[in-house]
Amino acid sequence: MINSKMIFRILGFLLLIETAMLICCGGVSLFYGENDLDSFLLSSAATSCVAVVMLILGRGGEKSLNRRDGYVIVSFSWVAFSLFGMLPYYIGGYIPGVTDAFFETMSGFSSTGATIMDNIESMPHGILFWRAMTQWIGGLGIVFFTIAVLPIFGVGGIQVFAAEASGPTHDKVHPRIGVTAKWIWSIYAGMTGTLIILLMMGGMSTFDSVCHAFTTTSTGGFSTRQASIEYYRSPYIDYVISVFMFFSGVNFTLLLMLFNGKIKKFIHDIELKFYFLSVAFFTLFIAFWLYRTTPMEGEEAFRKSLFQVISLHTSTGFATADYMLWPSVLWGCLVIVMIMGACAGSTTGGMKCIRMVILFKIAKNEFKHILHPNAVLPVRINKHVIASGVQSTVLAFTFLYAVIAVISILVMMGLGVGFMESVGTVVSSIGNMGPGLGQCGPAYTWSALPDAAKWLHSFLMLLGRLELFTVLLLFDSDFWRKN
């Protein structure tokens, strides 16, 4: 049975966290003396009132959570954060439509980075800071953050972790998941702080450095500039952000092992190897093609290729070039990169490299089974046998991913959107990428899409961020039955 009281209590606590975030952005507005302060004050007041009501409704709840409770908390928290997070945009009139305001907020909290804003530079500092903060909080997960404080309620966090964590396997480096969460958030915050300093050394303003550090380590891609990173025209900034995007695409538990001195385990991880080799291959291939077919010199071709490959591989979505002006064969390469994504257990979207490795090994074993029908051929990852149940889950995930993408593309085309734009936006939304193809590419926004398409993409962003099953389970009638 669903523990509704405890769910209300935790959601109320989460909304109090969002209230604190809104007040923090109000402080930015106050510092710069701009007119968006009222929108943050009204938004925080409304959010805190609903939070208090939920906390009251949650009094006396049983201090236990099961897996079903975890799935409900995770899915509802993302929707709730987006509903209340859109208030500063809507109340202040910066995004006057409910559809657009919700789309922008869901894009933020899901760390997708797709935007409908056509005039980013005209926005006040508080609103720009709010956009960046939504991605930073959503990057590792609103719920993963609260796992560290769930003991306040006298409940454990493993059920919530199982629902929110990305990828087919969930590594624990400490028997208490709350301790693991705190360690990983320390690395996350440390990377963010280091990047802020490095960007300031490269000539970025303090405000822009903070915002871009937030949206880089979260692999979100919101920028304070309409032209994204291309605005700065700085090789130093390009390389620095490329490095931090790459490491943000690495499994954070693996980074934690690296910081704990387990270097061999870090180096020999099969998913990390696949991720690194994929980035290297596509970077060199695209750089060579650009060098041969465009006026770019060798260093510029390599830098733009490296940046764009890592940006899309990690689902960040920053841009230093309009890749729609590149040869069309490179579009296909970038779409492949977008679909694959980076490592499980990172802030990235996409299918994840570990699934690609498992699918490759399953396919390889099938060829061997044809030749040797009686052979027992286990799938091994990092010398560990992958259980048949995990293999089935990976196959089911891949099938659902493909079916949802195809149906969504057809729906988009039915709404009057072009084929290239439909493919690009669907792959981008479900993979939490940001830019798409055609008129929704890196040089454009998604403002021209019809409202129905924006709601569809908001749903796809949520699906992609929570790895499909967490959300789709809520539509199964068996999920809500008492037994």
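These legends accompany close-up views of a predicted model.

**View 1. Helix α3, its span and its cover.** Let's begin with a helix on its own. Helix α3 covers residues 67–85, and at 1.5 Å a residue its 19 residues should span 27 Å. Most of α3 is covered, with 15 of its 19 residues buried.

**View 2. Helix α18 and the helices around it.** Helix α18 runs over residues 388–414. From its first C-alpha to its last, α18 reaches 39 Å with 27 residues, close to the 39 Å expected at 1.5 Å a residue. Which residues of α18 are buried? They are Gln391, Val394, Phe397, Tyr401, Ile404, Ala405, Ser408, Ile409 and Met412. These buried residues pack against α16 (328–340), α17 (353–371), α19, α20 (451–465) and α21 (469–472). Following α18 comes Gly416, which has a positive phi, near 95 degrees.

**View 3. Where α18 meets α19.** Here we look at one of those neighbours. The axes of α18 and α19 (residues 419–430) lie 9 Å apart, and the two helices pack at an angle of about 140 degrees. That angle makes α18 oblique to α19, and their crossing is right-handed. On the α18 side, the contact involves Tyr401, Ile404, Ala405, Ser408, Ile409, Met412 and Met413. Facing them from α19 are Phe419, Ser422, Val423, Thr425, Val426 and Ile430. Sorted by class, this contact has ten nonpolar residues, three polar ones and no charged ones.

**View 4. Where α5 meets α20.** The axes of α5 and α20 cross at roughly 20 degrees and come within 9 Å. The two helices are therefore roughly parallel to each other, and α5 passes α20 in a left-handed crossing. From α5, the residues in contact are Thr99, Asp100, Phe102, Phe103, Met106 and Ser107. Their partners in α20 are Asp451, Lys454, Trp455, His457, Ser458, Met461 and Leu462. This contact divides into six nonpolar, four polar and three charged residues.

View 5. Ser111 sits in the loop between α5 (98–109) and α6 (125–140). Is Ser111 buried or exposed? With a relative accessible area of 1%, Ser111 is buried. Leaving aside residues up to four places away in sequence, Ser111 touches Gln135, Gly139, Ser218, Thr219, Gly220, Ser315, Thr347, Asn432 and Arg465. The C-alpha atoms of Ser111 and Gly349 are separated by 8.4 Å, although these residues are 238 residues apart along the chain.

Terms used:
Residues are numbered from 1 along each chain as its sequence is written. This is a predicted model: local features need pLDDT of at least 70, side-chain atom pairs count only at pLDDT 80 or more; totals for chains, interfaces and linings use all residues. Side-chain values use heavy atoms; hydrogens and water are left out. Helices (H or I, at least four residues) and strands (E, at least two) are DSSP runs, numbered from the N terminus. The expected span of a helix is 1.5 Å times one less than its number of residues. Buried means under 20% relative accessible area, exposed over 50%, partly exposed in between (1.4 Å probe, protein chains only). Axes are lines fitted to C-alpha atoms, for helices over the stretch in contact, and angles run from 0 to 180 degrees between N-to-C directions. Angles under 35 degrees count as roughly parallel, over 145 as roughly antiparallel, 65 to 115 as roughly perpendicular and the rest as oblique. A crossing is left-handed if the near helix is turned anticlockwise from the far one by less than a right angle, and right-handed if clockwise. Contact means heavy atoms within 4.5 Å. Ala, Val, Leu, Ile, Met, Phe, Trp, Tyr, Cys and Pro count as nonpolar, Asp, Glu, Lys and Arg as charged, and the others, Gly among them, as polar.
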